[in-house]
Amino acid sequence: MAIVLLLGCAQEEERIVTIYLIGDSTMADYADNYEEGKDYYKTRYPITGWGQVFQPYFSTDLSVFADLFSADSVVVDDRARGGRSTRTFFQEGRWRSVYESLKPGDLVIMQFGHNDAAEKKTERYVDIEGYKEFLRLFIAQSKQKGATPIVLTPVARNYPWENNRLQNVHGEYPDAALEVAREMNSLFIDLNQLSMNAFFKVGREYVTQNYFMNLDSGVYEAYPNGQSDNTHFQPEGAKVVAGLVFEAMKTLKK
C-alpha cells in the first residue's frame with residue numbers, strides 16, 4: 001500500500017488593503033460606468049477625476065508605506081461622485097455602503113468642500129459647522145471598523161490668480177478640515193496647498209490649457225463646442241493631483 005505524504009506549509013494569504021475614496025467630481029472615476037450604459041469616451045472624455053488614475057501609482061514597492069499600512073497589494077475603490085457634499089454623500093447612503101464594506105486595515109481618503117461651499121445650491125450646501133460634523137462622523141466610523149481615515153482639503157481650482165500666484169478659493173473649508181483632523185487625531189493631507197504650489201510651478205497658462213477642462217471646439221466628441229472649466233481635470237491634471245496625494249501618503253504615520 002502506497003502512502004502519500006503531503007508535506008509543506010500553508011501558504012500565507014495575500015494581504016490586500018482597500019483604499020476607499022469618498023468625495024466629489026474632482027476625485028470621481030468617470031470611466032467606470034459613471035453613467036450607466038453610456039460610453040465614457042463619447043459622452044465625458046477627457047474629464048478625469050484624480051481618483052480615476054490613482055490605482056497605477058500603487059504598482060510599486062509598498063514597503064514605502066510601512067508606517068501607514070502593511071499589504072502585498074492595494075485596491076483603490078473610488079466611490080466619489082460629482083455634485084456631492086459631505087451631507088448629500090451621507091444622505092444618499094453612499095457612506096453607508098462604504099462603511100459596511102470596511103475591513104480592519106483599510107484606508108478611507110475623504111476630500112470634500114467644493115460642493116459644501118456652494119451657498120447658491122441649497123440642495124448640496126453645508127455650512128462650516130455641518131461640514132465639520134460630517135467629517136467627524138466619517139472619521140469616527142472609519143476608526144470604528146478598524147480602518148484608517150485620511151482627511152484631505154479640497155483640491156485647488158484654477159482661480160483666482162493674484163500677482164501671478166494661485167490663491168485659495170475654498171474659504172474656511174480647508175482650515176475646518178485641518179481642525180477636525182487635529183481634533184479627531186486623524187491623518188491629514190493639505191491637498192489644497194499642495195495643488196496650489198504644484199500649479200504655480202508650471203504656470204497659469206500651462207495649467208489652464210493642459211490640466212483643466214478648457215477645450216477648443218471640434219476636438220472632443222463629448223464637447224463639440226469646446227469647454228471652459230477651471231474646476232475639473234483633463235488626464236494630465238488628474239495624474240498630477242493623484243501623484244501629490246500618493247507622495248504625501250508616504251510621509252504619513254498611523
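The paragraphs below go through the sheet, a helix pair and some backbone details of this predicted model.

The sheet comes first. Five strands make up an open sheet with parallel pairing, and their order across it is β2-β1-β3-β4-β7. At its edges stand β2, residues 73-78, and β7, residues 187-189, each of which pairs on one side only. From one strand to the next the twist averages 20 degrees. In general, the strands of a sheet pair through backbone hydrogen bonds, in either a parallel or an antiparallel way. The pairing of β7 with β4, residues 148-152, is parallel and covers three bridges. Within this pairing, L152 has I189 in β7 as its bridge partner.

A helix lies over this part of the sheet. Helix α5 lies across β4 and β7, and its direction is at about 160 degrees to that of β7.

Helix α5, residues 173-183, also packs with helix α4, residues 128-144. Their axes are 10 Å apart and form an angle of about 40 degrees. Angles under 35 degrees would count as roughly parallel and 65 to 115 as roughly perpendicular, so α4 and α5 are oblique to each other. The crossing of α4 past α5 is right-handed. On the α4 side, the residues in contact are I128, Y131, K132, L135, R136 and I139. On the α5 side, they are Y173, A176, A177, E179, V180 and E183. Sorted by class, the contact of α4 with α5 holds eight nonpolar and four charged residues, with no polar ones.

The remaining details concern the backbone in loops. One joins Y45 and P46, with omega at about 20 degrees; P46 is placed in the loop between α1, residues 40-43, and β2. The other runs from Y159 to P160 and has omega near -5 degrees. The loop that holds P160 is between β4 and β5, residues 161-162.

Positive phi values at residues that are not glycine are found at two asparagines. N164 has a phi of about 65 degrees and lies in the loop between β5 and β6, residues 165-166. Its relative accessible area is 57%, so N164 is exposed, the cut-off for this class being over 50%. N185 has a phi of about 55 degrees and belongs to the loop between α5 and β7. With a relative accessible area of 66%, N185 is exposed as well.

Conventions:
Residues numbered from 1 in each chain as written. Predicted model: local features only at pLDDT ≥ 70, side-chain atom pairs only at ≥ 80, totals over all residues. Heavy atoms only, no water. Axes fitted to C-alpha atoms, helices over the stretch in contact; angles between N-to-C directions. Helix = DSSP H or I, 4+ residues; strand = E, 2+ residues; numbered from the N terminus. Parallel < 35°, antiparallel > 145°, perpendicular 65-115°, else oblique. Left-handed = near helix turned anticlockwise from the far one by under 90°. Contact = heavy atoms within 4.5 Å. Nonpolar A, V, L, I, M, F, W, Y, C, P; charged D, E, K, R; others polar. Pairing = 2+ DSSP bridges. Buried < 20%, exposed > 50% of the residue type's maximum accessible area, 1.4 Å probe, protein only.
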